[in-house]
Amino acid sequence: MPASPDSPGTTVACATLSGGPDPVAFRFGLLADIQYTDVDDRCNHTGTQWRRYRNSLAVARNAIDYFNQSDLSFVLHNGDIIDHQCAFDFAKDEFKPKAEGLEQLGRVMRILSGSQCKDWMFTIGNHELYNFTASELREGVTPEGCTLPFKCANDEGSFFFSRTPAPGWRVVVLNSYDVSIYSKGREQGLDVDALELLRKHNANVDKWVSDNPEGLEGLGNRWVPFNGGVGEEQLEWLKGQLSEAEANDERVIVFSHLLVHPETTANGSGRTLIWNYQDVLDAVEDERWGKNVAAVVSGHQHEGGLYTNDNGTHFVVMESPMLAEPGQPGPFCVVEASSGGLRMIGYGKGPNSKIFGAEEGEQYPPAEPMVKDLPLAPVEAKA
Ligand SMILES: [Fe+2]
């Protein structure tokens with residue numbers, strides 16, 4: 001790996017170990033929550049995460065070096081590419097000039113533009129909506145010196161869409177901010193209907209729209225402004241996609257910035273869930289097609305998570321590069337999809353990673369990328 005001033009000083013070994021028992025149908029690169037901003041490292045509001053904002057660029061650089069060693073069908077960044085602080089000066093309580101955010105996005109996108117795989121998907125996270133208008137996210141933003149646009153919609157302009165990376169496989173991208181007080185994006189005013197819905201569930205919102213509500217309990221913790229919901233039309237579309245997949249004996253991988261399963265939230269807090277997560281979970285776990293859903297992959301929560309339900313669907317939460325511990329190249333990975341399972345090959349944020357962890361005393365990171373196998377039961381072909 002080329003040396004750089006921001007590099008954590010680690011090397012990234014070859015991405016593709018393969019060696020799995022089944023032929024690989026396709027490979028993709030995966031990272032989430034780069035959330036870069038040019039500010040000093042610090043703790044989050046709740047004191048649970050030490051965020052190394054500038055080091056996120058070094059992790060992104062490592063990720064591109066790593067991805068470039070594999071033949072990838074696509075790369076997916078699962079939301080929150082730059083931080084809210086790129087757009088807003090919290091000390092002065094005012095928006096910063098738009099050029100400032102664009103310059104910081106450019107630092108990330110110039111790195112991602114070095115990717116040999118040019119097929120990137122970017123899901124919408126809350127920080128996208130703090131920094132850009134919905135139309136910018138739809139049409140794409142290409143900062144100076146970048147060949148890769150930062151664009152969250154498909155060619156038809158939809159923030160939720162599906163595609164077929166290989167026969168027998170379907171990728172579904174959700175917009176978990178379909179219903180959001182910020183759905184219009186930066187400086188476009190709040191969405192009145194979403195604000196009303198939020199008020200119904202969180203009495204604090206009438207007093208202050210803040211990311212730190214008090215008095216919420218259990219899974220009710222999700223009713224905060226920085227989360228959002230999946231609208232009725234999208235929900236019906238999702239069910240249609242899953243039904244079609246079942247009819248075609250396809251496996252499905254769902255991507256959503258916000259979390260879908262409570263078991264993957266940090267300490268079971270529920271804080272990072274989709275507002276109407278139960279609707280989405282019911283759709284994903286529907287007995288007619290639940291076994292076709294190989295995985296639901298989220299970001300947003302930063303600390304990582306992994307849970308497998310009774311259908312064998314894996315709920316994965318990617319760790320954030322902001323939380324990479326000193327000397328760690330990751331977190332990021334390449335995923336190999338085969339009929340036998342999803343093989344994640346890559347790096348975690350540190351030895352206590354929920355996906356790529358290590359036993360006490362083990363060298364971390366090991367000389368070779370780590371492997372996490374997510375096995376899949378056979379999909380029964382219809383006669
Ligand atoms: Fe987020």
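Buried residues account for 49% of the 383 residues in the protein chain. The model is predicted. Its secondary structure amounts to seven helices and 16 strands. The C-alpha trace spans about 55 × 50 × 45 Å along the principal axes of the protein chain. A compact globule of 383 residues would have a radius of gyration near 21 Å, and the 20 Å of the protein chain agrees with this. Of the contacts between residues at least 6 apart in sequence, 70% join residues at least 24 apart.

**The six-stranded sheet**

Six strands form an open sheet with mixed pairing, in the order E7-E4-E1-E14-E15-E16. Strands E7 and E16 are at the edges; each has a single partner strand, so one side of each is left without a neighbour in the sheet. On average, and ignoring direction, neighbouring strands of this sheet are turned by 20° against each other. Strands of a sheet pair through backbone hydrogen bonds, in either a parallel or an antiparallel arrangement. For E14 and E15 the pairing is antiparallel and runs over seven bridges. Within this part of the sheet, valine 335 has methionine 344 in E15 as its bridge partner.

| Strand | Residues |
|---|---|
| E1 | 24-31 |
| E4 | 74-77 |
| E7 | 120-122 |
| E14 | 332-338 |
| E15 | 341-347 |
| E16 | 370-375 |

Helix H1 (residues 55-67) lies across strands E1, E4 and E14, and runs at about 35° to E14. The largest nonpolar core holds 102 residues, and Ala60, Val108, Val254 and Ile274 have the most contacts inside it. H1 gives the most to this core, with eight residues. In soluble globular proteins, nonpolar side chains tend to be buried together. Leaving aside residues up to four places away in sequence, valine 108 touches Ile34, Tyr36, Leu57, Ala60, Ile81 and Ile82.

**Helix H7**

Which residues of helix H7 are buried? In this helix, which covers residues 277-284, they are Tyr277, Val280, Ala283 and Val284. Viewed down the axis of H7, the buried residues fall within an arc of 130°, so they line one face of the helix. An α-helix has 3.6 residues a turn, so residues three or four places apart point the same way. The elements that cover the buried residues of H7 include helix H6 (232-247), strand E10 (251-255) and strand E11 (293-298).

Technical notes:
Residues numbered from 1 in each chain as written. Predicted model: local features only at pLDDT ≥ 70, side-chain atom pairs only at ≥ 80, totals over all residues. Helix = DSSP H or I, 4+ residues; strand = E, 2+ residues; numbered from the N terminus. Rg over C-alpha atoms; globule rule 2.2 N^0.38 Å. Buried ≥ 20, exposed ≤ 12 C-beta atoms within 10 Å, placed from the backbone. Contact = placed C-beta atoms within 7 Å. Arc of directions from axis to C-beta. Pairing = 2+ DSSP bridges. Axes fitted to C-alpha atoms, helices over the stretch in contact; angles between N-to-C directions. Core = buried A, V, L, I, M, F, W, Y, C linked by C-beta atoms within 7 Å.
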